[in-house]
Every structure is written in structure tokens, then in C-alpha cells.
Amino acid sequence: MKKITAIVRPERMEALKEALFAAHVSGMTVSQVQGCGSQHGWTEYYRGTEVLLNMVPKVKFEVVVDDARVDELAGVICDAARTGEVGDGKIFVFPVDEVIRIRTGERGDAAV
Ligand SMILES: Nc1ncnc2c1ncn2[C@@H]1O[C@H](COP(=O)(O)OP(=O)(O)O)[C@@H](O)[C@H]1O
């Protein structure tokens, strides 16, 4: 199993949510976050040093899936979240050791 974390623009949240539902993911977690990368907030100089004063609102999607679906879902996310402008975001893929469904105690693939 893998966890796909995607940091995307807030205005792409609805489209990405719908695309992931359409791709039949079993669940997702969505958080409002702030970040910076190539796309910074604004900077000012404080005592001669450039200081980053603000970060940019983003939305973080987390989806745990079978290994075999990572490439497909990365494509779904790129298609739904891309505008082509700086700040579209990134996808990070992590290994997941275990999943446990709290309600039933199921583990592994059965719990995803
Ligand atoms: N190395 C990183 N680690 C964690 N989050 C990152 C990283 N790079 C980018 N991000 C997240 O992705 C968002 C968009 O990245 P950014 O570099 O601004 O856009 P682009 O990839 O289009 O140039 C950032 O605001 C930040 O939330």
C-alpha cells in the first residue's frame, strides 16, 4: 500500500475530489494547509535580510491505495489539478506499513 499526498490549489479542490470519487478510491482525507515553493508569498527586507511574510493557501489530499494504482491516480490528480501555472503543487508517494479499520479491526488490504 502507498499513501499519495497531493498539495493542490484550493480552487481545484472540488474538481479533484470529484475525479478521485470517479476513480473509485475508497476514501480520502483533505486538509487546508499553507505552503510555499516556486510560488512564494511576498517578501520584505528586515534588517537587511529578506523575510518571507506570507505563505500561500493550499489543499492537501491524502489517499491510501494499492501499489498498483499509484501511477493511474497520479495521472488523475495531475489532470484535475493542473493549470500549467506556477503553484499547481506536488504529489508525494509514501509506503504504508499497515492499515487498521477501527470499527472492525480489519487489517491490510481489507481495511483500505
Ligand atoms: N519540497 C516541498 N515539500 C513540501 N511541500 C512542497 C514542496 N514543494 C512544494 N510544496 C508545496 O506545493 C505547493 C506548490 O509548489 P510550488 O513550487 O509553489 O509550485 P510549482 O511546483 O508549480 O512550481 C507549495 O505551496 C507547497 O505547499
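A polar side-chain atom of Lys90 sits 3.0 Å from a nitrogen atom of the ligand. The protein covers 71% of the 550 Å² of accessible area that the ligand has on its own. Do keep in mind as you look around that this is a predicted model.

- Besides the side chain of Lys90, which faces a ligand nitrogen at 3.0 Å, the backbone takes part through Gly87 and Asp88.
- At Gly87, a polar backbone atom is 2.7 Å from an oxygen atom of the ligand.
- At Asp88, a polar backbone atom lies 3.2 Å from an oxygen atom of the ligand.

**The ligand's surroundings**
- The ligand has 14 residues around it, and those that come nearest are Gly35, Ser38, Gln39, Gly87 and Lys90.
- If you sort this shell by residue type, you will find 4 nonpolar, 6 polar and 4 charged residues.

**Aromatic rings**
- Lys3 lies over the face of Phe94, at 5.2 Å from the ring centre.
- As for pairs of aromatic rings, with ring centres required to lie within 6.5 Å, the count comes to 0.

Terms used
Residues numbered from 1 in each chain as written. Predicted model: local features only at pLDDT ≥ 70, side-chain atom pairs only at ≥ 80, totals over all residues. Heavy atoms only, no water. Phe/Tyr/Trp six-rings, centres within 6.5 Å; stacked < 30°, edge-to-face > 60°. Lys NZ or Arg CZ within 6 Å of the ring centre and 35° of its normal. Near = heavy atom within 4 Å. Polar contact = N/O pair within 3.5 Å; in protein donor to acceptor, adjacent residues only side chain to side chain. Areas by Shrake-Rupley, 256 points an atom, 1.4 Å probe, with all protein chains shown as cover. Nonpolar A, V, L, I, M, F, W, Y, C, P; charged D, E, K, R; others polar.
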